[in-house]
Amino acid sequence: MRLAIIDIGTNTISLAIAVIKNDSYQIVYSSKQPARMGKGGINEGVITPEAIERGIAAIAHHAETIKTFNVDKTIAIGTSAMRNCSNGLDFAKMVEEKFNIPVHIISGDEEAQMIFDGVKQVMPIGSDRVLILDIGGGSCEFIIANKDGIIWMHSFELGMARLLDKFTPSDPITSTEIKAIEMYLRTELAPLYEALHNYPTTTLIGTSGSFDTIAAIVAAMKHPNLNVKLSTSYNIRVPNFEEVHRKIIASTAEQRKEMKQMDSSRIDIIVLGSLFINFIVREMRIEHIFQCGYALKQGAVYQFINGNLQ
């Protein structure tokens with residue numbers, strides 16, 4: 001059968017189409033549309049009319065693609081913006097009425113589990129613990145796990161769209177602004193500090209937008225013949241990440257536009273994404289960074305095959 005998964009994120013709305021056969025699957029198509037569902041309202045708990053319009057347009061684009069693949073079933077997943085905004089359910093109803101696509105609005109814990117179910121399919125997680133981080137527009141999911149499964153997980157409402165809306169940094173960002181953001185993160189991430197004290201690890205596996213973009217930029221510099229988009233994972237050496245981070249933090253939006261492999265929809269958000277990753281690497285004493293191309297959508301396919309998502 002053919003299954004389509006639409007991930008309605010706070011920053012982008014993405015699509016994956018999978019062909020499922022004998023309890024295994026292959027992703028035959030994937031794409032994303034910048035929708036900025038959280039812009040202008042995420043910290044006030046509302047999806048603005050403009051964001052709704054962008055979201056509907058993005059889903060309409062994906063719906064047309066789905067038709068060309070003769071998909072048997074389509075499932076949409078709603079995350080941070082939809083679960084936390086007062087009109088999230090209204091948007092879900094609008095999508096179902098307009099496109100006949102049911103929207104599953106999932107909790108932070110459900111999102112973390114779905115991300116882990118995606119990551120574990122392609123990352124060789126052994127007996128040693130790893131820290132998995134999915135950086136979204138509305139929330140960030142942290143998962144500590146090993147081969148036996150999830151040890152600890154938590155969803156923080158610290159997505160990059162939220163931080164951008166809250167701090168509106170200068171271009172380029174100033175050292176004073178960086179200190180203010182890091183002070184805020186240090187307070188908000190208190191449960192993570194405690195969890196890593198109890199379950200220490202030095203390995204970070206990152207998924208989704210900011211990690212994908214930074215991995216592509218690092219690869220363009222260090223492995224120019226490698227197309228990261230065709231890989232399921234990429235080893236980002238810490239010194240290479242730090243080099244790219246310094247460039248991003250010091251750059252203006254115009255300069256970032258010219259960076260090789262920069263995602264045009266993340267020119268403003270990538271500053272906070274890089275800052276967030278750098279903060280985690282430094283504060284949590286991370287020694288190894290891996291980008292993973294599998295996350296929520298692949299986890300959703302996995303759950304569907306195993307009867308946990310309908």
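These legends describe close-up views of a predicted model. Local features need pLDDT of at least 70, side-chain atom pairs count only at pLDDT 80 or more, and totals for chains, interfaces and linings use all residues. Residues are numbered from 1 along each chain as its sequence is written, and side-chain values use heavy atoms, leaving out hydrogens and water.

**View 1. Five strands form an open, mixed sheet.** The order is β3-β2-β1-β4-β5. β3 (24–34) and β5 (103–105) are the edge strands, each pairing on one side only. Strands (E, at least two residues) and helices (H or I, at least four) are DSSP runs, numbered from the N terminus. Two strands pair if DSSP finds at least two bridges between them.

**View 2. Strand β2 (residues 12–21) runs antiparallel to β3.** 10 bridges join the two. Thr 12 stands opposite Pro 34 in β3.

**View 3. Helix α6 covers residues 175–188.** Its 14 residues should span 20 Å at 1.5 Å a residue. The expected span is 1.5 Å times one less than the number of residues. The end C-alpha atoms are 20 Å apart, which agrees.

**View 4. Helix α6 has buried and exposed residues.**

Notes: Buried < 20%, exposed > 50% of the residue type's maximum accessible area, 1.4 Å probe, protein only.
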